[in-house]
Amino acid sequence: MRRFVVVGHRASTSPGFPLDDLAGGAGRMDLLLNAANAALLVSHDIRRDAEITLVLLGPPDPPVAIRLAGERLQSYSPDIRTDAGLVRAALERVSRIEREASPGVFVSRRGLAEVLDGIQDPLVELREDGKDIREVELPRDVAFVLSDTTDLTEEEEATVSRKRIAVCRVGPRSIHTDDAIAITHNELDRRHPP
Ligand SMILES: C[S@@+](CC[C@H](N)C(=O)[O-])C[C@H]1O[C@@H](n2cnc3c(N)ncnc32)[C@H](O)[C@@H]1O
């Protein structure tokens, strides 16, 4: 399984977040859902061996973890407004114990530390100042953590650094979260063909 965890520092935890303002009123939910598309979609198909957890830390009731599991998703759309509807529905059903709000969409009251505690695979932090990913040996089953428009906070960095096996960069430029995921998938697809 290839896993991605993305921290959405401002991402709304309200089931009523505005579908017409995903970038603004919903706290960059657009960025998170574009990241989900990069993690889960290939041409005309879903990556069944991939999942992404979006850690929503915005108001009114953080934290919430939304886990999208490729092996369970049905009729997942590349249209982020449609996917935002799935997230909104999941936010109606937040509980401490993770539950499946709709096929492949899991929701729980968990922050970054608890999400990472639930991942057994080796964890790699994707960061602009890391080691070139091409120089790092990575297994087929691996997890990656990324941030949104801002860097991880000091506290989040401390949490990640206790678990990670490496900090990697995918290239010389600071790029968007979804692009970093797409490049990472490509690097691993080359090493571990599907
Ligand atoms: C837009 S960047 C973060 C913003 C940037 N650090 C800043 O404050 O200007 C979004 C995320 O994508 C990942 N990322 C961006 N460029 C990367 C690179 N060259 N290598 C690895 N990860 C990268 C990191 O996880 C980063 O936090």
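Colleague: What share of the 194 residues in the protein is buried, and what makes a residue count as buried?

Modeller: In this predicted model, buried residues make up 50% of the 194. The word applies to a residue with under 20% relative accessible area.

Colleague: Why is F4 called buried?

Modeller: The relative accessible area of F4 is 0%. The cut-off is under 20%, so F4 counts as buried. F144 also has a relative accessible area of 0% and is therefore buried by that cut-off.

Colleague: Good, let's stay with those two. Why is the pair of F4 and F144 called stacked?

Modeller: A pair of aromatic rings is described by the distance of the centres and the angle of the planes. For F4 and F144 the centres are 5.4 Å apart, and rings pair if their centres lie within 6.5 Å, so the two form an aromatic pair. The angle between the planes is 20°; planes under 30 degrees apart count as stacked, and therefore this pair does. A search of the whole structure finds one aromatic pair.

Colleague: What makes you say that the pair ties together parts apart in sequence?

Modeller: F4 lies in strand 1, residues 2–8, and F144 in strand 9, residues 142–146, so the pair links parts that are 140 residues apart in sequence. The protein has five helices and 10 strands. Among contacts between residues at least 6 apart in sequence, 69% join residues at least 24 apart.

Colleague: And P139: why is P139 called partly exposed?

Modeller: Its relative accessibility is 33%. Buried would need under 20% and exposed over 50%, so P139 falls in between and counts as partly exposed. P139 sits in the loop between strand 8 (123–132) and strand 9.

Colleague: Which residues is P139 in contact with, leaving aside its neighbours within four places in sequence?

Modeller: Those are P122 and H192. P139 and R88, on the other hand, are 51 residues apart in sequence and 34 Å apart in space, C-alpha to C-alpha.

Colleague: Now the whole protein. How do you know that its radius of gyration agrees with a compact globule?

Modeller: With 194 residues, a compact globule would have a radius of gyration near 16 Å, and the protein has 15 Å, so the two agree. Along its principal axes the C-alpha trace spans about 45 × 40 × 30 Å.

Colleague: How far apart are the mean positions of the positive and negative charges?

Modeller: The mean positions of the 26 positive and 33 negative charges are 3 Å apart. As for the accessible surface, that comes to about 9300 Å², of which 47% belongs to carbon and sulfur atoms.

Key
Residues are numbered from 1 along each chain as its sequence is written. This is a predicted model: local features need pLDDT of at least 70, side-chain atom pairs count only at pLDDT 80 or more; totals for chains, interfaces and linings use all residues. Side-chain values use heavy atoms; hydrogens and water are left out. Helices (H or I, at least four residues) and strands (E, at least two) are DSSP runs, numbered from the N terminus. The radius of gyration is taken over C-alpha atoms; the globule rule is 2.2 Å times the number of residues to the power 0.38. Buried means under 20% relative accessible area, exposed over 50%, partly exposed in between (1.4 Å probe, protein chains only). Contact means heavy atoms within 4.5 Å. Accessible areas come from the Shrake-Rupley method with a 1.4 Å probe; for residues, only the protein chains shown count as cover. Lys and Arg count as positive and Asp and Glu as negative; His and the chain ends are not counted. The place of a charge is taken as NZ of Lys, CZ of Arg, CG of Asp or CD of Glu. Rings of Phe, Tyr and Trp (its six-membered ring) pair if their centres lie within 6.5 Å; planes under 30 degrees apart count as stacked, over 60 as edge-to-face and the rest as tilted.
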